[in-house]
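Please look over the sequence and the structure before reading on.

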Amino acid sequence: MKILALGAHPDDIEIFMFGTLAAYAAQGAELTFAIATDGAKGGKGDPKALARLRREEAAKAAGLLGVEPRFLDFPDGALIADAAFIAVLKALVREVKPDLAITHAPYDYHGDHRALSDGVRIAASFAVPVLHADTLGGTGFSPTHYVEISHHWDIKAKAIRAHQSQGPEHYVHRARLQNEFRAGQCNGTASALAEAFRFEPTFPFADIRALLPPAPPIRPVTASPNPAG
């Protein structure tokens, strides 16, 4: 298995899909991380210095899974799915030859996320199926697939915390809440965690279940001994 994960900014892969990527790594998959922008607007101070720092943080986070991330270095906050960007993405897909690409949802909160999603969809064409990660807070997102990440939470939290320039505890907290909620949608146990994704079947890729790590186990729903009302 070859998995291509694409995030718009240096911490996006960690927040939205790192648990799933850790599950892939545990299965022996070959992972490639690509970060579309330089992250230079993700804080105050000198943009060039911030971009260098965020590159170091992203490398540290990816290194937890033995990955050296690719930096596409497009300007932060100005990503457009134009011909130049799509050409870079197509070249990346041709080089990596992934079995699956994972990126942002097309209607996520940030313009860079939406532009990357559009660019990946166009670049993927007939070459690779595209899976969309959960949106920030799950807003407007209807999952089709879930991945169990309960055993991979610690490394996900560590990866998010590698981005010290971003005040990571806020994102650790929000990610855990979201992952708890997604597991709850699957009737998970109190300690269960899951990441959610959406797949839109596009010819010739109609079904990708065989490409995903295990979903949360199905638990039977039993009647409460003291029903409400």
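The points below take the strands and their crossovers, and then the nonpolar cores.

The model is a predicted one. Strand 2, which spans residues 30-37, pairs in the parallel sense with strand 1 and likewise in the parallel sense with strand 3.

**Strands and crossovers**

- Strand 1, covering residues 2-7, is joined to strand 2 over 6 bridges, and within this pairing Gly7 of the one stands opposite Ile35 of the other.
- Strand 1, helix 1 and strand 2 together form a β-α-β unit, and this unit is right-handed.
- The pairing of strand 2 with strand 3 (residues 70-74) extends over 3 bridges, with Thr37 standing opposite Phe74 in strand 3.
- Between strand 2 and strand 3 the chain passes through helix 2, residues 47-63, in a β-α-β crossover that is again right-handed.
- Strand 2 is largely enclosed by the rest of the structure, because 7 of its 8 residues are buried.

**Nonpolar cores**

- The largest nonpolar core comprises 35 residues, and those with the most contacts inside it are Leu21, Tyr24, Leu31, Phe33 and Ile102.
- Helix 1, residues 12-26, supplies the largest share of this core, namely 8 residues.
- Another core, of 22 residues, lies apart from the largest one, and Leu4, Ala34, Val96 and Val120 are among its members.

**Contacts of Ile102**

- When residues up to four places away in sequence are not counted, Ile102 touches Ile3, Leu4, Ala5, Leu6, Met17, Leu21, Tyr24, Leu131 and Phe197.

Conventions
Residues are numbered from 1 along each chain as its sequence is written. This is a predicted model: local features need pLDDT of at least 70, side-chain atom pairs count only at pLDDT 80 or more; totals for chains, interfaces and linings use all residues. Side-chain values use heavy atoms; hydrogens and water are left out. A nonpolar core is a set of buried Ala, Val, Leu, Ile, Met, Phe, Trp, Tyr and Cys residues joined through side-chain atoms within 4.5 Å. Buried means under 20% relative accessible area, exposed over 50%, partly exposed in between (1.4 Å probe, protein chains only). Helices (H or I, at least four residues) and strands (E, at least two) are DSSP runs, numbered from the N terminus. Contact means heavy atoms within 4.5 Å. Two strands pair if DSSP finds at least two bridges between them. A crossover is right-handed if, with the strands pointing away from the viewer, the path from the first strand over the helix to the second runs clockwise.
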